[in-house]
Amino acid sequence: MHTFRIGGIHPPANKLSAGRPIKTIIPPAAVIISLSQHIGAPAKAVVARGDKVKVGTLIGKADGFVSANIHSSVSGTVAKVDNMIDGSGISRPAIYINVEGDEWEVDIDRSETLVKECRLSSAEIIKKIEAAGIVGMGGATFPTKIKLSPPPDNKAEILIINAVECEPYLTADHSLMLEKSEQIMVGTTLLMKSISVGRAVIGIECNKPDAIDRMTRLASEYHGIEVIPLKMRYPQGGEKQLIDAVIRRQVKSGALPISVGAVVQNVGTAFAVYEAVQKNKPLIERVITVTGKNIAEPSNFFARIGTPVSILINAAGGMPENTGKIIGGGPMMGKAMISANAPVMKGSSGILVLTEDESLRRPAHDCIRCAKCVAACPMGLEPSLLMNLTEYKIWDEAEKNYIIDCIDCGSCSYTCPANRPLLDYIRLGKNTVMGIIRSRKK
């Protein structure tokens, strides 16, 4: 069975919300919509206090090449344009909207009718995707229009749809494939047309047999699309690891997937592309998993962007008394949230509620040179060395040892018998080295 060839681990899956139907969250009384929900420059607000907006109204315009449009997920009145504190404690520009009814922009098709045919050109499809503010829905939030517009000297040969969802606990993509499979297939054909390729592969890990079966049957009706079951292995959802698993090509250090002829898009992105191109619906809601071992009803929700996380937790049975930490995302790559009042973002794939015991950090000890972190690293790095170089601020050596290739998967920390905070240090070192590189280029 297909999988990637370097490193990897097998953490417990804990897919507690698997197989549960997607529930729709009613819009709250107020939302906070960040203008920075993507990699790159924040969008620029195009509304002001007192303005009336509808669902789908453009409220933030992309401000730069790497940026993305932001739309209102509700109808109502703009309360203010101000900064907000996101789940990680970072101040970001945002638009606060008081909700009044649920009035949508008239050109959005809200029907459930499947629309397969598309006569738009490649350029026209990409233009609609750009206008709708579509970004990578797997968590990276890279503006989709950029991935679909590779440099002239690079040609796409294959589209890879990332339906792996290897992160423990998360089931948003799994549930989406079961309930919106036809729309995903049409979205995949639109992405194929946008980059002018005749082949697409949907990679799904083998712990989702129902999704594999459903998507395989549907793929037979769409020319050029195939489904490849993948062996369970974390972090197979990483772009470079998925490319290696599917087409046996490895992306070199510092290179992009297009360098080996691949364009990778998340399965949630394919669904969002369908809605944008065929239904004129911008990215104003997403599926998000709310889960945890003490959560009463682990669930998958359709939630409007800007909805407070606390509302989703309440819909899943409420906050357990012994909660020690709330994670935005999954346990491996997610980040601790400072407040449950933080809003849902375009890249919010899951909310994981950990108990007090699960939240405790075990005491760290001296490295015993066992090399488990080296064996687990899917990028072929030496995590223990990179931690030491960061700790002693030896930045030139950290750069030479490819610290910026780290994909933040956490496999090293997971395997370390000494409980050393390898990923914490490497993240710090990577950000520092990237800053040094940017300064050098300037």
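Guide: Start with a definition: contact means heavy atoms within 4.5 Å. Keep in mind that this is a predicted model.

Visitor: Which residues is Val78 in contact with, leaving aside its neighbours within four places in sequence?

Guide: The partners of Val78 are Val47, Ala48, Arg49, Gly50, Asp51, Val53, Ile95, Tyr96 and Ile97. Val78 itself is found in strand β7, residues 76–85. Take Asp51, 27 residues apart from Val78 along the chain. The C-alpha atoms of the two are separated by 5.4 Å.

Visitor: Why is Val78 called buried?

Guide: Buried means under 20% relative accessible area. Val78 has 1%, so Val78 is buried.

Visitor: What makes the pair of Phe271 and Phe302 tilted?

Guide: Their ring centres are 6.4 Å apart, and rings pair if the centres lie within 6.5 Å. Planes under 30 degrees apart count as stacked, and over 60 as edge-to-face. The planes here are at 40°, so the pair is tilted. A search of the whole structure finds 1 aromatic pair.

Visitor: Where in the chain do Phe271 and Phe302 sit?

Guide: Phe271 is in helix α7, residues 267–279. Phe302 is in strand β14, residues 299–304. They are 31 residues apart, and the pair links distant parts of the chain.

Visitor: How do you know whether Phe271 and Phe302 are buried or exposed?

Guide: The cut-off for buried is under 20%. Phe271 has 7% relative accessibility, so Phe271 counts as buried. Phe302 has 12%, so Phe302 counts as buried too.

Visitor: What makes Lys80 lie over the face of Tyr96?

Guide: NZ of Lys must be within 6 Å of the ring centre and within 35 degrees of the ring normal. Lys80 lies over the face of Tyr96, at 4.5 Å from the ring centre. Arg233 has its charged end over the ring of Phe4, 4.6 Å from the centre.

Visitor: Why are α4 and α7 called roughly perpendicular?

Guide: Helix α4, residues 181–195, packs with α7 at about 80°, with the axes 7 Å apart. The two helices are therefore roughly perpendicular. Among the α4 residues in this contact are Ile184, Leu190 and Leu191. On the α7 side, Phe271 and Tyr274 are among them. The contact residues divide into 10 nonpolar, 4 polar and no charged.

Visitor: How do you know how α1 lies relative to α7?

Guide: The axes of α1, residues 122–131, and α7 come within 9 Å and cross at roughly 105°. That angle falls in the range of 65 to 115, so α1 is roughly perpendicular to α7. Ile125, Lys128 and Ile129 in α1 meet Val273, Ala276 and Val277 in α7. These divide into 5 nonpolar, no polar and 1 charged.

Visitor: What makes the backbone at Tyr169 and Arg248 worth a look?

Guide: Most residues other than glycine have a negative phi, and most peptide bonds are trans. Tyr169 has a positive phi, near 75°. Arg248 has a positive phi of about 55°. A cis peptide bond joins Tyr234 and Pro235, with omega about 5°. Pro235 is in the loop between β11 and α6.

Visitor: Why is Arg248 called partly exposed?

Guide: Buried is under 20%, exposed is over 50%, and partly exposed is in between. Arg248 has 42%, so Arg248 is partly exposed. Arg248 is found in the loop between α6 and β12. Tyr169, with 5%, is buried. The place of Tyr169 is in the loop between β9 and α3.

Terms used
Residues numbered from 1 in each chain as written. Predicted model: local features only at pLDDT ≥ 70, side-chain atom pairs only at ≥ 80, totals over all residues. Heavy atoms only, no water. Phe/Tyr/Trp six-rings, centres within 6.5 Å; stacked < 30°, edge-to-face > 60°. Helix = DSSP H or I, 4+ residues; strand = E, 2+ residues; numbered from the N terminus. Buried < 20%, exposed > 50% of the residue type's maximum accessible area, 1.4 Å probe, protein only. Axes fitted to C-alpha atoms, helices over the stretch in contact; angles between N-to-C directions. Parallel < 35°, antiparallel > 145°, perpendicular 65-115°, else oblique. Nonpolar A, V, L, I, M, F, W, Y, C, P; charged D, E, K, R; others polar.
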